[in-house]
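Welcome! Take a look at the sequence and the model below, and then let's walk through them together.

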Amino acid sequence: MTSECSGSGSVICDVMEVVLPARWAPLVSGVLAILLIVLVALILRKVAHRLITRVVRRASSGVGGGLAGRLRGRQTVQPEGLDAVAAERRRQRAETIGSVLRPLASIIVLGTAGLTVLDRLSVPIAPLLTSVGIVGVAIGFGAQELVKDFIAGMFMLLEDQYGVGDVIDVGSAVGAPTSGTVEAVTLRITRVRDADGRVWYVRNGTITRVGNESQGWSRATVDVPVAYTADVPAVREILQRVTEDIWEDPDFRDTVIVEEPQVWGIEQISDTAVVFRISAKTIPSRQAEVARELRLRVKAALDREAITIAG
């Protein structure tokens, strides 16, 4: 930086040589060049973060391209039922991906700026890059499982395989069959609490299959066994009235139950009982609640008609 500006090809140095004494021009121009590099890097980092935030906001709101997407973006009605669940899952996934992309953008932009500044200071960066490459290879060999966990976690988020609040079965990822409710998801681990209250920390790289009981919708099924001698059309009519009543209940319709429940008919026949089956499509993880309510209403309806449930 203390050499003459002539022949350097630096516009800043040439301008400073006009304003300042010749011996000060290279030093001042070098400082200004470094400040300019840092300023440009900060601006690029800010722009990258704003773009990522904008993409995340659009992804979380579900606004797509075309007329349909623009019309959806103008809607003011709050989503309900499955739409509300899907919107929340989309928001969580978009924000998680955004939290990964922002630091990555910062590392790329600021790292490039740092190398450029070192080059301006005449610091040889080739040995530094070589050393970083060697260290990276060593870390890669020593942290293969960690890298595997991060890659699996990234694909899990991008593909929306599961999210917080989902009931999942991850097979034998921790040495024993594990299923439960997802409490936290990161790029490295998934935290699952089982029915007994145990908390399992499952590394994403060890999960080879996932059974998600909460994605999209769930189904509640209730079997109603009645005596073999019961009047089948009458029982079916009673069950049909029960499903219509719960569908018309504002506490369940479109908030817990997303489609009108159906009486599938006779599921099993034995010498002592005839089993009817009722099915109801619910929002994720609410099937047990709906099944319990259906059993209460079925029991009350059969008692009113003096129809005995078979043992």
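Leaving aside its neighbours within four places in sequence, which residues is asparagine 204 in contact with?

## Around asparagine 204

Leaving those neighbours aside, asparagine 204 is in contact with Asp149, Ala152, Gly153, Tyr162, Thr186, Leu187, Arg188, Ile189 and Thr190. Here, contact means heavy atoms within 4.5 Å. You can find asparagine 204 in the loop between β4 (199-203) and β5 (211-212).

With 4% relative accessibility, asparagine 204 counts as buried. Buried means under 20% relative accessible area, exposed means over 50%, and partly exposed lies in between (1.4 Å probe, protein chains only). The side chain of asparagine 204 also makes a polar contact of 2.8 Å with the side chain of threonine 190. A polar contact is a pair of N or O atoms within 3.5 Å; within protein, one must be able to donate a hydrogen and the other to accept it, and residues adjacent in sequence count only if both atoms are side-chain atoms.

## About the model

This is a predicted model, in which local features need pLDDT of at least 70 and side-chain atom pairs count only at pLDDT 80 or more, while totals for chains, interfaces and linings use all residues. Residues are numbered from 1 along each chain as its sequence is written, and side-chain values use heavy atoms, with hydrogens and water left out.

## The whole protein

Now let's step back. The protein has 8 helices and 8 strands; these are DSSP runs numbered from the N terminus (helices: H or I, at least four residues; strands: E, at least two). Of its 311 residues, 31% count as buried. Among contacts between residues at least 6 apart in sequence, 63% join residues at least 24 apart.

## Salt bridges

The structure holds 16 salt bridges, each a side-chain nitrogen of Lys or Arg within 4 Å of a carboxyl oxygen of Asp or Glu. One of them pairs arginine 297 with aspartate 249, with the closest N and O atoms 2.8 Å apart. This pair links distant parts of the chain, 48 residues apart: arginine 297 is in helix α8 (residues 287-304), and aspartate 249 is in the loop between α7 (232-248) and β7 (262-269). Aspartate 249 is buried, at 16% relative accessible area.

Another salt bridge joins arginine 191 and glutamate 183, whose closest N and O atoms are 3.3 Å apart. Arginine 191 is partly exposed at 27%, and glutamate 183 is partly exposed at 28%. Glutamate 289 and arginine 286 meet in a salt bridge too, at 2.6 Å from N to O.
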